Amino acid sequence: MAERAWSAIARFFDNCKKKVPGKKGFPKFKKYQTHASVEYKTSGWKLSEDRREITFTDGFEAGTFKMWGTRGLHFYQVEQIKRVRVVRRADGYYTQFCVDVERNENHELTGKNLGIDVGLNHFLTDSEGQQVDNPRFLRRDEKALRKVQRRVSRKQKGSANRAKARNRLGRAHLKIQRRRKDFVVKTARAIVQFSDLVAIEDLKVRNMVRNHRLAKSISDAAWSQFREWLEYFGRVFGVPIIAVVPHYTSQDCSKCGIKVQKTLSTRTHKCTSCGHVQDRDWNAAVNILKKALQQLSKQNTEGHSEINNVSGENDLYLSGETQPSKPTRGKRKSKE
Ligand SMILES: [Zn+2]
């Protein structure tokens, strides 16, 4: 539970930086928006002594709200709360607190650098040959979603029944989102804790076209969320997460480097040159790791690296700031 509270807070903190501040006046939630939200800075709200209630002192006339799940809040001083956001979801209102805090945790060295390949056959395959399957609930939820979706479209437009059905659809989406997040967070955390460096494909580069196939779009959503959490835990544990351009990672031979053309349905890599045989995704994961290490050593010799005084692979973990060209999103020093 504590971990979850942390995560929620962390997520919000990340979003904080992207959000344009300065929203004023009475909060208006848009009618059909599932993620409508209102933001406050350090004024306009007040927490009760036991931190179970929040009172809005501005135009939010509803006044005082009871909150559930505020346990995580007790770890912080009120002064550390820099922003408060009220969010409307299909199943109720939520309050998010943006906390000014730096989370750093010790990372026990494992001596492992991991390359990660994501795909439809398995959720991921790493360069050690370990695989994480797609959770079964993704498929099951997909079916359930279709059913609820159909119900909405059968109801008459503008009717109360349609509104009800629409709300049910919103809840179904929420349920899926929460399950997926849970799975993704656990997986990302385990990967980071297991490694001293993680290499992953830059999925933004990979053609993630908007796809009408639900299974595909659900997986895509899970992957990009997975990457965000990898990067988050990378910062927390000081483990570098390196994104590489995904070109030819599934085609090239991870042993000799020669290109071996294969279609999507070819599940095994068989090298025509050196005879190397390996599961397709495993081969790709090894290539991804190789690419990342090459990228790093290139950066080092060219002097563009953010990694200082790296003499060899083994020193990489000493710096938590090795993410290429990304500012330290989500980290801010406490003013105290
Ligand atoms: Zn080969």
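I began with F194, which is found in helix α3, residues 160–194. I am working from a predicted model.

**Entry 1: F194**

A buried residue would need 20 or more, and an exposed one 12 or fewer.

Which residues does F194 touch, leaving aside its neighbours within four places in sequence? I noted T110, K112 and L114 as its contacts. I then checked the spacing to K112. The C-alpha atoms of F194 and K112 are separated by 7.2 Å. Along the chain these two residues are 82 apart.

**Entry 2: strand β10**

Next I looked at β10, residues 197–201. I see a mostly covered strand, with five of its five residues buried. I sorted the side chains by face. L197, A199 and E201 lie on one side, and V198 and I200 on the other. Both faces are covered, E201 included among the buried residues. As a reminder to myself: side chains in a regular strand alternate between the two faces of the sheet.

Which strands pair with β10? One is β7, residues 113–118, which pairs with β10 in the parallel sense over four bridges. Here I116 stands opposite I200. Another is β11, residues 241–244, also joined to β10 by four bridges and running parallel to it. In that pairing V198 stands opposite I241.

**Entry 3: the β1-β5-β6 sheet**

I moved on to an open sheet of three strands. Its order is β1-β5-β6, and the pairing is antiparallel. The edge strands are β1 and β6, each pairing on one side only. From one strand to the next I have an average twist of 15°.

I took the pairings one at a time. Four bridges join β1, residues 37–40, to β5, residues 81–89. In this pairing Y40 has V84 of β5 as its bridge partner.

How many bridges join β5 to β6? I have eight, with the two strands running antiparallel. Strand β6 covers residues 92–99. R85 has Q96 of β6 as its bridge partner. R88 stands opposite Y93, also in β6. The two strands form a hairpin, with two residues between them.

**Entry 4: the chain as a whole**

I then stepped back to the overall picture. The secondary structure comes to five helices and 13 strands. Of the 336 residues, 25% count as buried.

The chain averages a pLDDT of 73, and 71% of the residues score at least 70. Which elements have the lowest and highest mean pLDDT? Helix α1, residues 2–18, has the lowest at 36. Strand β13, residues 277–279, has the highest at 96.

I marked two stretches for caution. Over residues 1–34 the pLDDT stays under 50, although the model has 37 contacts there beyond four places in sequence. Over residues 304–336 the pLDDT is below 50 as well. That stretch has 47 contacts in the model beyond near neighbours in sequence. Where pLDDT is low, the predicted coordinates should not be read in detail.

Conventions
Residues are numbered from 1 along each chain as its sequence is written. This is a predicted model: local features need pLDDT of at least 70, side-chain atom pairs count only at pLDDT 80 or more; totals for chains, interfaces and linings use all residues. A residue is buried if 20 or more other C-beta atoms lie within 10 Å of its own, exposed if 12 or fewer, and partly exposed in between; C-beta atoms are placed from the backbone. Two strands pair if DSSP finds at least two bridges between them. pLDDT is the predictor's confidence in each residue, from 0 to 100. Two residues are in contact if their C-beta atoms, placed from the backbone, lie within 7 Å. Axes are lines fitted to C-alpha atoms, for helices over the stretch in contact, and angles run from 0 to 180 degrees between N-to-C directions.
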